[in-house]
Structures are given as C-alpha cells and as structure tokens.
Amino acid sequence: MPKLLFQGHGSYRLISDDGRVIYIDPYKGKGYDMPADIILVTHQHSDHNKIKRCVQKPDCRIITNKEALENGRHNNFEIDGILVQAVEAANKNHDPKQCVGYIITLDGVKIYASGDTSKTKQMESFAALEIDYALFPGDGFFNMGLEEAAECAQIIGAKHNIIIHLKPGESIRKKAEKWTAPNKLIIEPGQEIDL
C-alpha cells in the first residue's frame, strides 16, 4: 500500500509499494532523508522548489514545470510504471505558462497534486479519471481560498480531498474543520497515511 507523508505547506512525499520515493514541491518540514527516485516541482516559487533538500538516488528523475510544460504542451511521463501527467495550474499570482499540477498514478492509486492554483477549465475533465486523493491549496491569498477549493473538490469528485498550503502559522486542523469539501481528509504536517 503506498504512503503519503504531508511534510507541511505544499510539500509531501509518496512512497510506492516497492519503496520508490517521490517528493512533490520540496520546501517545508522533515522527511527528505529517503533517497528520491522522482522529484516533482510545480513551479519555481521559492516555497516549492528546494530540490537540494532531497537526498537523491544517482538516477533520480527531476521533473519541473519546465519539462512538464514544454512548448506550451502539458506532458506525460512514464517512469518504471509510475505515470506522471502534467495538468493546468493558474491564477492571478501563477502564470499558466510557468505552473503545472500533476496527476500521479502509482500502485493503482491516482493522486492529484494541484500545485498553486485556483479553479481551472481542465478540472472539469478530472471526474472521469476517478482520482483517489486530491490535494488543494487553501490560503486564499496566493491561491484559492477554502470556498473555491471546496468547489474544485466537488467538480473533481476525488474519493478523498486534502487541504494544504495555508497562510504561514494557520492551523491545518482548524481550517480543514471549516472546509466544506466532500470526502475531506484532515492531515497534519508530519503525519503519514496509507493510500
């Protein structure tokens, strides 16, 4: 069973059944000592791209927004059975030509790593993908707030919805308890769950 460790802010780590390690938007928290097989960066803001925090295997595959959104096209990557699909991410603070989200499929589990975004047109197509876990920002300043994140969760229809990336110092638990998204799952920084 794959695992997800929420490290804090917009950072989290996935571990596959066979022990492969994926870091998404490394920046905050602990748990970067497991050597990475894959590192995904949604955009180049300094709170999402601290690749050097991650211990890396010699053949670690690093995919940033630059590779994911080459020539204006969202690209797909298949890495030893793990599928990474780049998708739209955008809002007034995040240029859609420089930002992406990812849908990651490992061990039959689909995770939507939204990156920094607000609602996008492409989200309307995600329900057909039958996503298992969707992670949304909810700071309401650089990204959408809780209300819009709940609307996105409703559109996407994931089996589990997780709010992350709040304003510095805000309690995930307090904010998530107010969040009206369906099928919400509250995960605190430093907490690891089985997927």
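1. Let's start with F142: at 45% relative accessibility, F142 counts as partly exposed, as buried means under 20% relative accessible area, exposed over 50% and partly exposed in between (1.4 Å probe, protein chains only). F141, with 53%, is exposed.

2. Before going on, note that this is a predicted model, where local features need pLDDT of at least 70, side-chain atom pairs count only at pLDDT 80 or more, and totals for chains, interfaces and linings use all residues. Residues are numbered from 1 along each chain as its sequence is written, and side-chain values use heavy atoms, with hydrogens and water left out.

3. Back to the rings. Rings of Phe, Tyr and Trp (its six-membered ring) pair if their centres lie within 6.5 Å; planes under 30 degrees apart are stacked, over 60 edge-to-face, and the rest tilted. The count comes to 5 aromatic pairs. F141 and F142 have ring centres 4.7 Å apart and planes at 90 degrees, so they are edge-to-face. One aromatic cluster is formed by Y112, F126, F136 and W179.

4. Finally, look at D107. D107 touches P2, S16 and D17, not counting residues up to four places away in sequence; contact means heavy atoms within 4.5 Å. A polar atom of the D107 side chain lies 2.6 Å from the backbone nitrogen of D17.

Note on methods
Polar contact = N/O pair within 3.5 Å; in protein donor to acceptor, adjacent residues only side chain to side chain.
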